[in-house]
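Hi everyone, thanks for coming.

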Amino acid sequence: MFDYSIFAKELENLKEQGLYTYIKTLESPQGAWLTINGKKVLNLCSNNYLGFANEERLKKAAINAIEKWGVGPGAVRTIAGTFSLHNELEDTLAKFKKVDATIFLQSGFVANQAVIPAITSGEDAILSDELNHASIIDGVRLSKAKRFVWKHRDIKDLEEKLKEAKNARRRLIITDGVFSMDGDLAPLSEIVELAEKYNAMVMVDDAHGEGVLGSHGRGIVDHFGLHGRVDIEIGTLSKAFGVLGGYVAGKKELIEYLKQKARPFLFSSPLSPADTAAALEATKILQESDERVKRLWDNAKYFKEEMKKLGFDTGESETPITPVMLYDAKLSTQFSKELFEEGIFAQSIGYPTVPKGKARIRVMISAVHTKEDLDFALEKFEKVGKKLNVI
Ligand code: PMP
């Protein structure tokens with residue numbers, strides 16, 4: 001019999017170090033408030049930036065799609081065929097992102113796994129920011145290309161690495177657009193200039209930029225006015241879009257190539273009709289109006305400014321992501337626990353999601369929080385912050 005005590009021991013270790021994540025069970029949909037253990041708590045944890053996860057129009061679209069298309073796709077698209085609904089989502093996303101074409105995958109995580117090994121091989125070089133998301137790191141691991149990791153947002157270091165990689169057949173630079181744990185932005189304009197100088201491709205993971213940055217939440221490429229100069233954009237449909245799924249956006253040849261070569265496309269079934277229709281509806285709403293995006297930014301600006309006034313260290317975020325830096329993992333876990341008792345759901349984040357010694361509460365503000373919600377959060381942060389001698 002296999003000795004499972006090794007897992008039990010490791011779990012104990014995690015608990016001792018304050019690195020064990022207690023997953024909360026929700027008794028309500030995602031929104032500004034949640035019910036957990038019968039208790040109403042303010043939700044500061046979700047990536048549901050615009051409140052689409054429980055939005056009426058998306059729910060109706062999903063229900064109608066189930067009536068029309070059923071619940072499952074049958075098999076992978078290359079074998080069972082693809083619903084016209086799937087194609088409509090890809091075409092609508094392409095228009096929204098102002099690119100030739102898109103291909104959706106099962107998640108943002110999978111989108112990174114799909115594209116990186118499909119377009120690189122042993123003769124190529126991949127250059128990756130050291131703080132890139134785990135799904136990029138794992139996607140890079142799936143490729144045989146030579147790896148170069150450059151210092152976070154350090155353009156000089158990237159240039160050094162590009163020089164080292166000059167003999168590679170192709171060079172692929174990959175960066176998160178918005179870094180999900182700190183909320184800082186990639187210096188995308190400078191990266192694109194370097195890529196043009198060293199004949200490299202640029203790939204940006206826009207998971208936390210969509211619905212947040214640029215006109216109508218088109219993302220980081222729009223924010224920096226770089227349309228046509230970024231080769232690959234990775235998107236997720238699970239954050240601001242409020243649903244599930246991921247996608248790759250770019251030139252028509254690239255997307256067509258991925259439909260022939262990307263393994264998660266070839267070997268795993270696509271999104272269900274309900275997910276597809278809901279994501280399509282979210283894209284339509286974003287195209288129609290940027291009102292929610294504006295509300296998100298107003299809320300985030302207010303919350304961040306007030307937190308700073310209270311004396312909290314909220315890092316270098318340039319987006320609604322608000323890290324409340326506590327550094328020590330045990331303190332951070334304790335802070336989160338105390339907040340929960342006060343009616344606030346704000347999870348502590350520690351290693352390996354962030355580097356050791358950089359534990360934090362990551363506050364995610366949304367467009368559906370009211371001013372009263374934010375004031376409630378500020379009051380409770382102040383109370384717990386004083387109690388634990390953080391401020
Ligand atoms: N990329 C980044 C930068 C992310 O933050 C995330 C979500 N944590 C993903 C990709 C994965 O997205 P999904 O949840 O759709 O798999």
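This is a predicted model: local features need pLDDT of at least 70, side-chain atom pairs count only at pLDDT 80 or more; totals for chains, interfaces and linings use all residues.

Let's begin with the ligand. There are 14 residues around it, and those that come nearest are Gly-108, Phe-109, Asp-205, Thr-236 and Lys-239. By type, the shell divides into nine polar, three charged and two nonpolar residues.

Now for the polar atoms. Thr-236 has a side-chain N or O atom 2.6 Å from an oxygen atom of the ligand. For Ser-238, a polar side-chain atom lies 3.1 Å from a ligand oxygen. Phe-109 takes part through its backbone: an N or O atom there is 2.9 Å from an oxygen atom of the ligand.

Next, have a look at Asn-112, which sits in helix H5, residues 108-119. Is Asn-112 buried or exposed? Its relative accessible area is 0%, and buried means under 20%, so Asn-112 is buried. Its side chain makes a polar contact with the side chain of Ser-135, at 3.0 Å. Beyond its neighbours within four places in sequence, Asn-112 is in contact with residues including Ile-136, Met-203, Ile-234 and Asp-205. You'll remember Asp-205 from the residues that come nearest to the ligand. Also, the C-alpha atoms of Asn-112 and Tyr-247 are 8.8 Å apart, although 135 residues separate the two along the chain.

My other residue is His-208, in the loop between strand S7 (200-205) and helix H9 (220-223). His-208 has 6% relative accessibility, so this loop residue counts as buried too. Its side chain makes a polar contact of 2.6 Å with the side chain of Tyr-49. Among the other residues that His-208 touches are Asn-47, Val-178, Arg-362 and Lys-239, and Lys-239 is another of those that come nearest to the ligand.

Finally, the cores. The largest nonpolar core has 61 residues, and Leu-50, Ile-173 and Leu-188 touch the most other members. Helix H12, residues 273-288, gives the most to this core, with eight residues. A second, separate core has 25 residues, including Ala-101, Leu-105, Ile-136 and Ile-234. Both Ile-136 and Ile-234 are in contact with Asn-112.

Going back to Leu-50, its contacts away from its sequence neighbours include Gly-211, Ala-240, Leu-286 and Val-368.

Key: Residues are numbered from 1 along each chain as its sequence is written. Side-chain values use heavy atoms; hydrogens and water are left out. A nonpolar core is a set of buried Ala, Val, Leu, Ile, Met, Phe, Trp, Tyr and Cys residues joined through side-chain atoms within 4.5 Å. Buried means under 20% relative accessible area, exposed over 50%, partly exposed in between (1.4 Å probe, protein chains only). Helices (H or I, at least four residues) and strands (E, at least two) are DSSP runs, numbered from the N terminus. Contact means heavy atoms within 4.5 Å. A residue is near a molecule or strand if one of its heavy atoms lies within 4 Å of it. A polar contact is a pair of N or O atoms within 3.5 Å; within protein, one must be able to donate a hydrogen and the other to accept it, and residues adjacent in sequence count only if both atoms are side-chain atoms. Ala, Val, Leu, Ile, Met, Phe, Trp, Tyr, Cys and Pro count as nonpolar, Asp, Glu, Lys and Arg as charged, and the others, Gly among them, as polar.
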